[in-house]
Amino acid sequence: NQPLCDCNTCYAGPNCSLFLSNCSAHAESGDPYFLEPFWMGRAESSGILVSGWHRMGYNFMNDGSLISEMLVKYINKLHHVVGNAIISKNGSFIVFGCGSTQLLNAAVYAFSPNSSMDSPAKVVTSAPYYPIYRTQMQLFNSRDYRYEGDTSLWKNNSFSQMNTTFIEFVTSPNNPDGKLNKAILNGSNVKTIHDFAYFWPHFTAIPSPADEDLMIFTISKLTGHAGTRFGWAIIKDKGVYERMSSYLSLNTMGVSRDAQLRALKLLGVVLEGDGTQLFKFAYSTMKNRWTKLKEIFSNSKRFSLQKLSPEYCTFFKTSRDPTPAYAWVKCEREEDRNCYEILKAAKIEGREGSLYSAEDRYVRLSLIKTQDDFDILINYLTKLVHQE
Ligand code: PMP
């Protein structure tokens, strides 16, 4: 009775067709398995085989850098095809990180004052926000920067007169609510880190190419290979580039060669033909999911979804609804203050709003897992809404 393949945790039996009735819908994690079928259809062309003797040494390249020139070329081509970021031939620098997670802290380090005479940089972001910004700061507990909470606390403040550096994280589209956020603070003492993990046609219209001072991308949500741990940053200022490079070199001595090789292979497949196949597949999958979800919530007064407006997309050359990676669900009834518990009782596991520094009236549900995961989620949500 052993299954022929790995069943979803909710199924058992030789062909995974037996639904386990006590099973919950797991919509917590951001694992992007929705892209698995794309790669299954390209199993051979996307595979790599690395012999034991190959590239054994530390990953310094001929020019002394730690990054593959070929991979830089692919990244340039990718942004050119998608039109989501401007990389200037003479004016931009690229660094690689172990996922974008490593680059987030490298960027904070690079923007912070490096003299004990200066007061620590104040790091801020707008709620609801991805919690790692805060938890990383707290873990590293540096003398050079401090996490200072929500950006809005400083908006009307005379921060521009303060002799302190502000570092603002801008996540666009935002995790958890999918909004195309923009920077709130500006001034000569404000540095901005743009986290573009989700700025791909899978999840949002691309209104125009981003041209920010420091932009961070990752293959995790682009190709779905979160476990490869590969991200990159596009940087305008040479000094910032040098400080980030020094951080990356001292922290991990660059990104694993094996990860770079896999990223190269995957991006090569993404760029095949006119380079649009992955994006068409990802968008159509996410669009189907969002349409189904909206339909269910349109029958509910008790629960609502985030409101996102359509925008013109320069990639698809048409106006389109956003297709967010996560549903940001709100429990509307006064007594449903703990939305997470309400959904959990209906066998729907999400993540509490408070994890994102929002009220627990909100819950994040992942829409980027496997089709089975999504179908189970839809099934339980439909039942819950029918009970109203
Ligand atoms: N930024 C945001 C907004 C994210 O949601 C994530 C992953 N969930 C990351 C960065 C980190 O991605 P990775 O380290 O896998 O590149």
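Where is the place of Ser172? In this predicted model, Ser172 sits in the loop between strand 7 (166-171) and strand 8 (190-195).

Ser172 counts as buried because 21 other C-beta atoms lie within 10 Å, and the cut-off for buried is 20 or more. Tyr198 is 26 residues away from Ser172 in sequence, yet the two are 6.9 Å apart in space, C-alpha to C-alpha.

| Residue | In contact with |
|---|---|
| Ser172 | Leu180, Asn181, His194, Phe196 and Phe199 |
| Val329 | Phe303, Leu305, Cys339, Tyr362, Val363 and Leu365 |

Val329 also leads us to the nonpolar core. The largest nonpolar core has 93 residues, and Val329 is among those that touch the most other members, together with Ala107, Ile216, Ala233 and Met244. Helix 3 (residues 99-111) gives the most to this core, contributing eight residues. Both domain 1 (11-40 + 277-386) and domain 2 (69-270) supply residues to the core, so it lies between them. As a general point, nonpolar side chains in soluble globular proteins tend to be buried together.

Four strands form an open sheet in the order 11-14-17-16, and their pairing is antiparallel. Strand 11 (303-304) and strand 16 (351-352) are the edge strands, each pairing on one side only. Strand 16 runs antiparallel to strand 17 (residues 362-366), and two bridges join them. Across this pair, Arg351 stands opposite Arg364 in strand 17.

Note on methods: Residues numbered from 1 in each chain as written. Predicted model: local features only at pLDDT ≥ 70, side-chain atom pairs only at ≥ 80, totals over all residues. Pairing = 2+ DSSP bridges. Buried ≥ 20, exposed ≤ 12 C-beta atoms within 10 Å, placed from the backbone. Contact = placed C-beta atoms within 7 Å. Core = buried A, V, L, I, M, F, W, Y, C linked by C-beta atoms within 7 Å. Domains from an automatic or database assignment. Lists of a residue's contacts leave out its neighbours within four places in sequence.
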